[in-house]
Amino acid sequence: MTQHLTIRRPDDFHLHLRDGAMLQGVLPETARHFARAIIMPNLVPPVVTSKDAAAYRDRILAALPDGARFEPLMTLYLTEGTDPADVAAAHASGLVKAVKLYPAGATTNSSSGVRDFSKVRAVLEKMAEIGLPLCVHGEVVDPSVDIFDREAVFIDRVLDPIRRATPGLRVVMEHITTEEGVAYARSGGGDLGATITTHHLIINRNHILAGGIRPHYYCLPVAKREKHRLALRAAATGGETRFFLGTDSAPHVDALKEHACGCAGCFTATNTMALLAHVFEEEGALDRMEAYTSLNGAAFYRLPPNDGTITLTKAGPAEWPAKILTGAGPVTVFDPGFPVHWHVET
Ligand code: NCD
Ligand code: ZN
């Protein structure tokens, strides 16, 4: 029997589109299925001011394929020099939907991030006042902390103190990867949300390291033990409104992934919706997929759900290109390592 699942058009609440030829190459992969996405600001140089965000938004809109209906939701990259008044104006005009906190050095293009949290106090207080969410890359950068523990340590050392010091600050824990992340997200009220990527529902750290090193499974935060993957699955598919989709689809050309010092990032824009249908079906939760991909995140960001629907159909084996050929070079599409039978009708 053919199965169909019709849901509101989804949103991606954490997406890397890059710029130039890469933007041109990867944007159609997201715009095909998603109505909106929170656009990460970690360009080189980063998107810091409202002026930067407006210019980047224009470049994204110019790169859209003809006829595509896609709205980029812009973010600002928080630096120690960020001006609270500029942030407030960018929010008031509707241009900017969140501010992104990268601890300096935590991940790709994060060298302009925050070292001294006392320097961003005024911005965080302004954000709490106006209700503008802070998207947090939750990993400490202390080299003495094991890379697999960096998320849990960040929660205790950085995130919880920031939230206690800034009552009312709305926070999205981005791409959580641990049971500690799930538990902390659950401990918050309506001012705390968390995104989970598609790939962290599918891989654990063995996929990266067992039987040969597999650079296309390497991302940050790095995939953890199996018990953490299971905690993430329960969170994503369990129907709690605080959890929602942020793919963290993060394209890098193959030459920089398959490298002695390979870049972090999994590219999942192309097949995310099919993979999620597979995961939600495995968990007996297909009826909860729409909340996760299309309702919970919009509600957190105080946006209306999208008009229109997409339909997923379970049929013969699903296929997608192994690589997207961009003007910047080939980008490998995330391989779940198992057959998928869900298709998005287009
Ligand atoms: C992201 C990137 O490539 O920009 N990489 C990743 O592994 N997720 C940065 C990030 O979100 O940490
Ligand atoms: Zn990211």
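In which crossing, right-handed or left-handed, does α5 pass α6? In this predicted model, α5 passes α6 in a right-handed crossing. Helix α5 covers residues 150-165 and helix α6 residues 179-187, and their axes cross at roughly 20 degrees, coming within 9 Å. Angles under 35 degrees count as roughly parallel, and α5 and α6 are therefore roughly parallel to each other. On the α5 side, the residues that meet α6 are Glu151, Ala152, Ile155, Leu159, Asp160 and Arg163. Their counterparts in α6 are Glu180, Gly181 and Tyr184.

Helix α3 (residues 84-92) packs with helix α4 (residues 121-130) at an angle of about 25 degrees, and the two axes are 9 Å apart. That angle makes α3 roughly parallel to α4. The crossing in which α3 passes α4 is right-handed. From α3, the contact is made by Pro84, Val87, Ala88 and His91. From α4, Ala122, Val123, Lys126, Met127 and Ile130 take part.

Next comes the metal site. The zinc ion (ligand 2) is coordinated at 2.0 Å by NE2 of His14, NE2 of His16 and OD of Asp248. Along the sequence, these donor residues follow the spacing H-x1-H-x231-D. His14 belongs to strand β2 (residues 11-15), while Asp248 sits in the loop between β9 (243-245) and α9 (254-257), so the pair ties together parts that are 234 residues apart in sequence. His14 and Asp248 are both buried.

For comparison, the ideal angle for four tetrahedral donors is 109.5 degrees.

The last stop is Met273, a residue of helix α10 (residues 272-282). Met273 counts as buried because its relative accessibility is 0%. Pro10 is 263 residues away from Met273 along the chain, yet their C-alpha atoms are separated by 8.8 Å. Pro10 is also one of the residues in contact with Met273 when neighbours within four places in sequence are left aside.

Note on methods: Residues numbered from 1 in each chain as written. Chains lettered and ligands numbered in written order. Predicted model: local features only at pLDDT ≥ 70, side-chain atom pairs only at ≥ 80, totals over all residues. Heavy atoms only, no water. Donors = N, O, S within 2.8 Å, 3.2 Å for Na, K, Ca; no water. Helix = DSSP H or I, 4+ residues; strand = E, 2+ residues; numbered from the N terminus. Buried < 20%, exposed > 50% of the residue type's maximum accessible area, 1.4 Å probe, protein only. Axes fitted to C-alpha atoms, helices over the stretch in contact; angles between N-to-C directions. Parallel < 35°, antiparallel > 145°, perpendicular 65-115°, else oblique. Left-handed = near helix turned anticlockwise from the far one by under 90°. Contact = heavy atoms within 4.5 Å.
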